[in-house]
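Dear colleague,

I am passing a structure on to you with this email, and my notes on it come after the display. Please read them with the coordinates open.

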Amino acid sequence: MIGSLRGIVESTQDGACVLDVNGVGYLVSCSRKTLDRLTARDGQQKLLVETRVSQDAITLYGFLDASEREAFRALIEVKTVGPQKALLVLSGLAPDQLASAIAGKERKRLAEVKGLGAATANRIIDEPAMQKWAVGRATPEADGGAAAIPTPLPETPEADAVSALLNLGLKRPEAERAVARAAAQLGEGRELNALITAALRESAR
C-alpha cells in the first residue's frame, strides 16, 4: 500500500493531479483546496496518500496534511458517503471548519457545500462517529475567531496498516485489534509491509 508520495506536479485536472515521482506519473484524486495549494507551490511536493482498492481499480487519494486525511477517513465511514463525496466536503470546508459545523450541528452550512446536498449533510451530522470525530477538533478560527495551532496527528506504521486493512474491507475495530496484535508480535523496528501481512493473518483467526 502507498502511504505517501513525493514528486513534482506534472498536471492538474478536475479533482485530481498527476504527480511525477522519478519519472512515473501517479494520478491522485484530491480536494479542490489541496489542488489549489499544490499549484501555488514550486518544486517537489509531498502528498499523504489513502489507497482504495476495488474490484476493477486502485485509486489514490492525496492530502497535504494529516488533518485532511483523517477527516477523509472519518467521512468515508458514513453510510453512502464515498471517497468522491468526502472530497467534495473537503473542497468546501477545511477540516477544522468541518469539525465546527458538525459539532455545532450547522446543517445549512454543510448542505451549502457545492454538490453535497441536504440529505447527505444531515447524514454526516447525525452520524455518531462523526460527532465523536469532531469533538476537540473545532477551532476558534472556524467560527471567525483567532487561529488555533493544530496538533499534528502522528504518522505511524500502525496507522497506515489500519488504513490498509480498512481498504481491504475490514471494519475499523477489527482492523485496529489485528494491527495491535501484529505490532506486539513483531516488536520495535517493524516495517509496514510486515505489519500488514501479520495483521491480515491475525484478522483471519
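Below is what I found, arranged by region.

Please keep in mind throughout that this is a predicted model.

I begin with the aromatic side chains, where a search of the whole structure gives two pairs. The rings of Y61 and F72 have centres 5.2 Å apart and planes at 35°, which lies between the limits of 30 and 60 degrees, so this pair is classed as tilted. It connects distant parts of the chain, since Y61 belongs to strand β5 (residues 58-63) and F72 to helix α2, eleven residues apart. In the other pair, F63 and F72 have ring centres 5.0 Å apart with planes at 50°, so that pair is tilted as well. Y61 and F72 are both buried, as is F63, and the three residues make up one aromatic cluster.

Helix α2 (residues 66-75) is itself largely enclosed by the rest of the structure, because eight of its ten residues are buried; among them are A66, R69, F72 and L75.

The other region I looked at is strand β2 (residues 16-21), which is mostly covered, with five of its six residues buried. Strand β2 pairs in the antiparallel sense with strand β1 (residues 4-13) over five bridges, D20 being the bridge partner of I8, and also with strand β3 (residues 24-29), in the antiparallel sense over six bridges, where L19 stands opposite Y26. Each pairing involves a hairpin with two residues between the strands: in that of β1 and β2, G15 takes a positive phi near 85°, while in that of β2 and β3, N22 in the turn has a positive phi of about 55°.

Best regards

Terms used. Residues numbered from 1 in each chain as written. Predicted model: local features only at pLDDT ≥ 70, side-chain atom pairs only at ≥ 80, totals over all residues. Heavy atoms only, no water. Buried < 20%, exposed > 50% of the residue type's maximum accessible area, 1.4 Å probe, protein only. Helix = DSSP H or I, 4+ residues; strand = E, 2+ residues; numbered from the N terminus. Phe/Tyr/Trp six-rings, centres within 6.5 Å; stacked < 30°, edge-to-face > 60°. Pairing = 2+ DSSP bridges.
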